[in-house]
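Here are my notes on the model you sent over. Have it open while you read.

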Amino acid sequence: MVEQIRKLRYLNRPGGGWWRRRREWRAREQLVNMMMASGPESLNEAELRHWKSHAMVELLLKFMDTAMRKDDTVEALARIEALNAVTYEDYQQARKKLAEKEAAG
(Lines give C-alpha, C1' and ligand atoms only; values in the text may rest on other atoms or scores of the structure.)
Protein backbone atom coordinates (compact mmCIF):
# COMPACT_ATOMS: atom_id res chain seq x y z
CA MET A 1 0.00 0.00 0.00
CA VAL A 2 2.90 2.34 0.75
CA GLU A 3 4.27 1.79 -2.75
CA GLN A 4 0.84 2.57 -4.23
CA ILE A 5 0.71 5.83 -2.24
CA ARG A 6 4.19 6.76 -3.51
CA LYS A 7 3.16 5.95 -7.08
CA LEU A 8 0.07 8.14 -6.75
CA ARG A 9 2.13 11.06 -5.39
CA TYR A 10 4.61 10.67 -8.24
CA LEU A 11 1.83 10.74 -10.83
CA ASN A 12 0.11 13.68 -9.13
CA ARG A 13 2.93 16.13 -9.86
CA PRO A 14 2.23 19.02 -12.26
CA GLY A 15 2.39 18.60 -16.01
CA GLY A 16 2.36 15.38 -17.98
CA GLY A 17 -0.84 15.79 -19.89
CA TRP A 18 -3.68 13.43 -20.48
CA TRP A 19 -1.80 10.12 -20.16
CA ARG A 20 -0.45 10.92 -16.73
CA ARG A 21 -3.89 12.01 -15.52
CA ARG A 22 -5.29 8.75 -16.79
CA ARG A 23 -2.57 6.71 -15.03
CA GLU A 24 -3.13 8.78 -11.87
CA TRP A 25 -6.86 8.01 -12.02
CA ARG A 26 -6.12 4.27 -12.30
CA ALA A 27 -3.58 4.40 -9.47
CA ARG A 28 -6.05 6.27 -7.26
CA GLU A 29 -8.72 3.67 -8.00
CA GLN A 30 -6.32 0.83 -7.13
CA LEU A 31 -5.36 2.55 -3.88
CA VAL A 32 -9.00 2.98 -2.88
CA ASN A 33 -9.66 -0.69 -3.65
CA MET A 34 -6.66 -1.73 -1.57
CA MET A 35 -7.82 0.43 1.33
CA MET A 36 -11.34 -0.98 1.20
CA ALA A 37 -10.10 -4.55 1.04
CA SER A 38 -7.45 -4.32 3.74
CA GLY A 39 -9.18 -2.19 6.34
CA PRO A 40 -7.96 0.64 8.55
CA GLU A 41 -5.09 -1.31 10.10
CA SER A 42 -3.02 -1.32 6.91
CA LEU A 43 -3.77 2.36 6.32
CA ASN A 44 -2.54 3.10 9.85
CA GLU A 45 0.57 1.04 9.16
CA ALA A 46 1.19 2.96 5.92
CA GLU A 47 0.84 6.29 7.74
CA LEU A 48 3.25 5.14 10.46
CA ARG A 49 5.81 3.92 7.91
CA HIS A 50 5.59 7.21 6.05
CA TRP A 51 6.20 9.17 9.27
CA LYS A 52 9.09 6.89 10.28
CA SER A 53 10.81 7.30 6.93
CA HIS A 54 10.61 11.10 7.16
CA ALA A 55 11.86 11.06 10.75
CA MET A 56 14.79 8.84 9.73
CA VAL A 57 15.75 11.19 6.90
CA GLU A 58 15.63 14.17 9.26
CA LEU A 59 17.83 12.31 11.72
CA LEU A 60 20.39 11.43 9.08
CA LEU A 61 20.41 14.94 7.66
CA LYS A 62 21.23 16.31 11.10
CA PHE A 63 24.52 14.41 11.17
CA MET A 64 25.32 14.63 7.47
CA ASP A 65 27.25 17.89 7.28
CA THR A 66 29.81 17.24 10.04
CA ALA A 67 32.13 14.43 11.04
CA MET A 68 30.43 12.26 13.62
CA ARG A 69 32.05 11.97 17.01
CA LYS A 70 31.49 9.06 19.37
CA ASP A 71 28.79 10.98 21.24
CA ASP A 72 26.99 11.72 17.98
CA THR A 73 27.06 8.05 17.03
CA VAL A 74 25.60 7.03 20.39
CA GLU A 75 22.88 9.69 20.08
CA ALA A 76 22.01 8.64 16.52
CA LEU A 77 21.81 4.96 17.45
CA ALA A 78 19.62 5.74 20.46
CA ARG A 79 17.27 7.82 18.29
CA ILE A 80 17.10 5.08 15.66
CA GLU A 81 16.21 2.49 18.31
CA ALA A 82 13.55 4.79 19.75
CA LEU A 83 12.18 5.50 16.28
CA ASN A 84 11.95 1.80 15.44
CA ALA A 85 10.12 1.12 18.72
CA VAL A 86 7.30 3.60 18.03
CA THR A 87 3.90 2.01 17.48
CA TYR A 88 0.87 3.54 15.80
CA GLU A 89 -0.78 4.17 19.18
CA ASP A 90 2.28 6.10 20.39
CA TYR A 91 2.26 8.11 17.19
CA GLN A 92 -1.43 8.99 17.56
CA GLN A 93 -1.01 10.03 21.22
CA ALA A 94 1.90 12.29 20.31
CA ARG A 95 -0.11 13.90 17.50
CA LYS A 96 -3.05 14.53 19.86
CA LYS A 97 -0.79 16.14 22.49
CA LEU A 98 0.82 18.34 19.85
CA ALA A 99 -2.60 19.41 18.53
CA GLU A 100 -3.77 20.24 22.07
CA LYS A 101 -0.65 22.34 22.70
CA GLU A 102 -1.16 24.24 19.44
CA ALA A 103 -4.83 24.82 20.25
CA ALA A 104 -4.05 26.04 23.78
CA GLY A 105 -1.25 28.39 22.91
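Predicted model: local features only at pLDDT ≥ 70, side-chain atom pairs only at ≥ 80, totals over all residues.

1. Helix H2 (residues 17–38) has 22 residues and spans 32 Å from first C-alpha to last, close to the 32 Å expected at 1.5 Å a residue.

2. H2 has a buried set made up of Arg 20, Glu 24, Ala 27 and Leu 31. These sit on the same side of H2, because they cover an arc of only 70 degrees around the axis. Over on the other side, Trp 19, Trp 25, Met 36 and Ala 37 are exposed. After H2 comes Gly 39, with a positive phi near 90 degrees.

3. There are six salt bridges in the whole structure. One of them pairs Arg 28 with Glu 24, closest N and O atoms 2.7 Å apart. Both residues are in H2, four residues apart, or about one turn of the helix. Glu 24 is buried at 13% relative accessible area, while Arg 28 is partly exposed at 37%.

4. Arg 95 and Glu 47 also form a salt bridge (2.4 Å, N to O). That pair links distant parts of the chain, with Arg 95 in helix H5 and Glu 47 in helix H3, 48 residues apart.

5. Lys 62 and Glu 75 meet at 3.1 Å, N to O, in another salt bridge. Lys 62 lies in H3 and Glu 75 in H4, so the pair ties together parts 13 residues apart in sequence. Arg 79 joins these two in a network of salt bridges.

6. Have a look at Lys 52, in H3. Lys 52 is buried but has no salt bridge; the nearest side chain of opposite charge is Glu 45, 6.4 Å away. Beyond its neighbours within four places in sequence, Lys 52 contacts Leu 83, Asn 84 and Val 86.

How values were computed:
Residues numbered from 1 in each chain as written. Heavy atoms only, no water. Helix = DSSP H or I, 4+ residues; strand = E, 2+ residues; numbered from the N terminus. Buried < 20%, exposed > 50% of the residue type's maximum accessible area, 1.4 Å probe, protein only. Lys, Arg positive; Asp, Glu negative; His and termini not counted. Salt bridge = Lys/Arg side-chain N within 4 Å of Asp/Glu carboxyl O. Contact = heavy atoms within 4.5 Å. Expected span 1.5 Å × (residues − 1). Arc of directions from axis to C-beta.
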